[in-house]
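Q: I'm new to this one, so please take me slowly through one part of it. Here is what I'm looking at.

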Amino acid sequence: MKIEGYLFALLAGFLLLMGAGYFIWSGDWTGGTAMLFGGGLGTILGTYLLFTASRMEPRPEDRLDAEVDEGSGEIGFFSPHSWWPLFLAAGASIVTLGAIFGIWLLLLGVFFTLVAVSGFVLEYYVEDEAEA
């Protein structure tokens, strides 16, 4: 994870430096602010990754003497058939449109998003209870 942390730290430094330079030379608030915020996000990610890397043992990707088969195996569980991310994206889209067009659409989108988040989080819990 150190490589990723250094990559984000380098990106953050570049964006902060370029954002400040862009703002000074052009006087444009929008572009300068966007680059400074991008640098802030890179700082957050880089700090997190470097802090996490210091607390764990090196992964096979981080070691020069690692073999290819050390990185094999189960990475995690990824739901192969879930429709909830689609509904969650639709709910987030409705919330965004509600912020533009009216409070009634915003409230409808918040309700839809909460239902989608609940379904996404409890998807396998409900199936396990149904089998028992």
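What pLDDT does the protein average, and what share of the residues score at least 70? Then please look closely at helix α1 and helix α2: at what angle do they pack, and how far apart are their axes?

A: First, some ground rules: this is a predicted model, where local features need pLDDT of at least 70, side-chain atom pairs count only at pLDDT 80 or more, and totals for chains, interfaces and linings use all residues. Residues are numbered from 1 along each chain as its sequence is written, and side-chain values use heavy atoms, with hydrogens and water left out.

On confidence, the protein averages a pLDDT (the predictor's confidence in each residue, from 0 to 100) of 88, and 95% of the residues score at least 70. Confidence is highest in α3, at a mean of 95, and lowest in helix α5 (residues 123–131), at 63. Helices here are DSSP runs of H or I with at least four residues, numbered from the N terminus.

Now for your pair. Helix α1 covers residues 2–26 and helix α2 covers residues 29–55; they pack at about 160°, with axes 7 Å apart. Those axes are lines fitted to C-alpha atoms over the stretch in contact, and the angles run from 0 to 180 degrees between N-to-C directions. That angle makes α1 roughly antiparallel to α2 (the label for over 145 degrees; under 35 is roughly parallel, 65 to 115 roughly perpendicular and the rest oblique). Their contact residues divide into 17 nonpolar, 10 polar and two charged (Ala, Val, Leu, Ile, Met, Phe, Trp, Tyr, Cys and Pro count as nonpolar, Asp, Glu, Lys and Arg as charged, and the others, Gly among them, as polar).

Look inside α2 and you'll find glycine 32. Glycine 32 is buried, with a relative accessible area of 2%; buried means under 20%, exposed over 50% and partly exposed in between, using a 1.4 Å probe and protein chains only. Follow the chain 20 residues from glycine 32 to threonine 52, and their C-alpha atoms are 30 Å apart.

There's an aromatic detail here too, as the structure holds two aromatic pairs. In one of them, the ring centres of phenylalanine 23 and tryptophan 29 are 4.9 Å apart and the planes sit at 65°, so the pair is edge-to-face. Rings of Phe, Tyr and Trp (its six-membered ring) pair if their centres lie within 6.5 Å, with planes under 30 degrees apart called stacked, over 60 edge-to-face and the rest tilted. Phenylalanine 23 is partly exposed at 31%, while tryptophan 29 is exposed at 62%.

Methods. Helices (H or I, at least four residues) and strands (E, at least two) are DSSP runs, numbered from the N terminus.
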